[in-house]
Each structure stands twice: as structure tokens, then as C-alpha cells.
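Dear colleague,

I am passing on the structure below, together with some notes on what I found in it. Please read them with the coordinates open beside you.

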Amino acid sequence: MNILWIFAHPDQRSLNGSLMREALCCLDAEGHEHVVSDLYAMKWKAVVDADDFPEGADGSDRLFVGAEQEHAYKEGTLRADIRAEQAKLAWADVVVFHFPLWWFGPPAILKGWIDRVLTQGLGFGVKDDAGRTRRYGDGGLAGKRAWIVTSVGARASGFGPRGLHGHIDDVLFPLLHGTFWYTGMAPLAPFVTYGADRTTPEEYARTAAALKERIRALPDARPVPFRHERSGDYDRELVLRPGLAPGRTGLTVHLTGPQDHARSVARQHDRPAPPGPATGVEDGGVRAAAGPHKGAAEARGSRWNRNPPSSAGA
């Protein structure tokens, strides 16, 4: 497989940097091809502005971002850095988004990659032959898979089924459903590391081993079972039909499977983060003491992982 690994951490000496190196070695050993976009090392421009469209679309005074993006994408006049990333994206079978979770989302530099690379005409606003918009299971990136690899500073329990910060699957829903699935990429169950700022060498070894197990399982990994927009499950107002997930609301209604994938008991959410001060490998991002923005649950505890407990998270 061809893997595009998008890395968004400011320090290669961090926990995330160390895990990425382990992952790339594993990809090599498994015979996969990979390309890395290290956004901080690339000094990636994170904001969409008129400089992204050197030739402009129509010469109007206003910047209509979507229209400008689509025109420049089709004409091949986007900035060179955007076109280079789009070429990598076209080549990839799996796109990995590797970042520390800050304030319940990815660092701004990664959001900027999404804003600038997934342009109208490629990531959204794509039409079929009948003029219908392709999205949520279809779209310009259909056939590819996307995978989140992230670290969090807080313990897993706070992001469990009854955790204060909200369920990790809900926290990551904007990326998994609103970005990946919307553009047609099938999202894989995320890989999440807890207590990143307090990781001991022993914890690091276990985390690295688990990540490599997930990589070895990539060819046969089952995506998160989101509903397709054109499955017939939604009415003309894009509302789930009343016969599906009856009496329920919220994000889980957009999942299919046994009992429409009601929220499961997350099997690993109650595993505490490693105690004690930071030691061993340390995450270079904002520390958990600064706020609850870096807590989450490991992928093996996700309600979107359909494997049995003995093999979940592999």
C-alpha cells in the first residue's frame, strides 16, 4: 500500500516523533511505500488567503474562497506547495493524520493543511454526472482510507462513556465524519495514546508495540461503519429516517451495525494514565496541567472498533 503520513508536531524528539519513526520502520518491514509530510519542518502555510491563487479566478474584488479554489485546482494554478500535497494525496491508499490533540482538535497547522489541500473540486463540491453533490461515503477521495494517530495528556477515563470531557469518538467526530467520510475517505478506528506527558519507557514500549500491531493489520482493517448519504437512510432534509435508531439522537445514530451501534461500554476507558511526574519519553506539546484539551481514549476502547476485547486495538 501507499501511505501518506501527515505529521503535525513541532518537535521530532517528542513522543509523537518517536512513535512516527517506529511506525515508518514497521511500514518498511511490511513492504509498504510511504511519504511523510512533516508540516512544521516544511514550515507549512496554515491559512487560506489570496496568495493561494496567484492568477486569481475572475478578477473580482472579493475573495470567494471555494470558487477560487475550484478554478485554480482545475486550471493547475494553485500554489506549488498545495499542488505537491495534492499529488501525494492522489498517490496514497491510506492517509495518516498524526498529531497531538490540543483543545479538542488538531494543531492549527494541520487544520490549515485540510483547509488548503482539500479544495473545492477535490475535497468538497464534487458533482456526479447527474449534477448531484458527492459526499458522506462518496466524494473526490472515495476509495482511500484515513487514520488518526494522536496523543493526549489526560487519563482515558475523562474521555470515556461518562467522562467529563465527552466520549473520544464524539471529540474526533468532526474529523472522522465531517472531514474523512464527507470527502469519501473511509475512516479507520483511531489510535490514541493517554498520559502522553507522563509516559515511562515501559509505557512507551507497550504503546509502540500496539501501534505496530495496528500497522500490520492495516491491509485488512475495517473502517468505522458510518452510513452513506445515498444509502436511503436519510430523507430529503438529510435527517435519519424515523425507523432507524428509533428514539435515539446524537452522533451514534450515523453508525450502522448491530442495534445501529448504540454506544458500547468502552473496554479500556477506565485504565488510568501512568502516575507520577513526566519521565522517559515526553510529549513536546502543551501539558495536561494547562487544561483538559489533551485527554482521550485508546482506539482499542472505541465504540467504533468492532473487534472482540482480546484483539481490539491490534
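This is a predicted model: local features need pLDDT of at least 70, side-chain atom pairs count only at pLDDT 80 or more; totals for chains, interfaces and linings use all residues.

Helix α2 itself covers residues 65–75, and G66, E68, Q69, E70 and A72 are buried within it. These buried residues pack against α4, which comprises residues 108–117.

A glycine with positive phi is also found just after α1, where G31 takes a value of about 85 degrees.

The buried residues of α1 are L15, N16, G17, S18, L19, M20, A23, L24, C26 and L27. Their cover includes the strands β1 (2–7), β2 (33–38), β3 (94–100), β4 (145–151) and β6 (191–193), and the helix α7 (201–216) also contributes to it.

Two of these strands deserve a separate word. β1 and β2 run parallel and are joined by six bridges, among them the one that pairs I3 with H34 in β2. Taken together with α1, the strands β1 and β2 make a β-α-β unit that is right-handed, and both strands also belong to the cover over the buried residues of α1.

Key:
Residues are numbered from 1 along each chain as its sequence is written. Side-chain values use heavy atoms; hydrogens and water are left out. Buried means under 20% relative accessible area, exposed over 50%, partly exposed in between (1.4 Å probe, protein chains only). Helices (H or I, at least four residues) and strands (E, at least two) are DSSP runs, numbered from the N terminus. Contact means heavy atoms within 4.5 Å. Two strands pair if DSSP finds at least two bridges between them. A crossover is right-handed if, with the strands pointing away from the viewer, the path from the first strand over the helix to the second runs clockwise.
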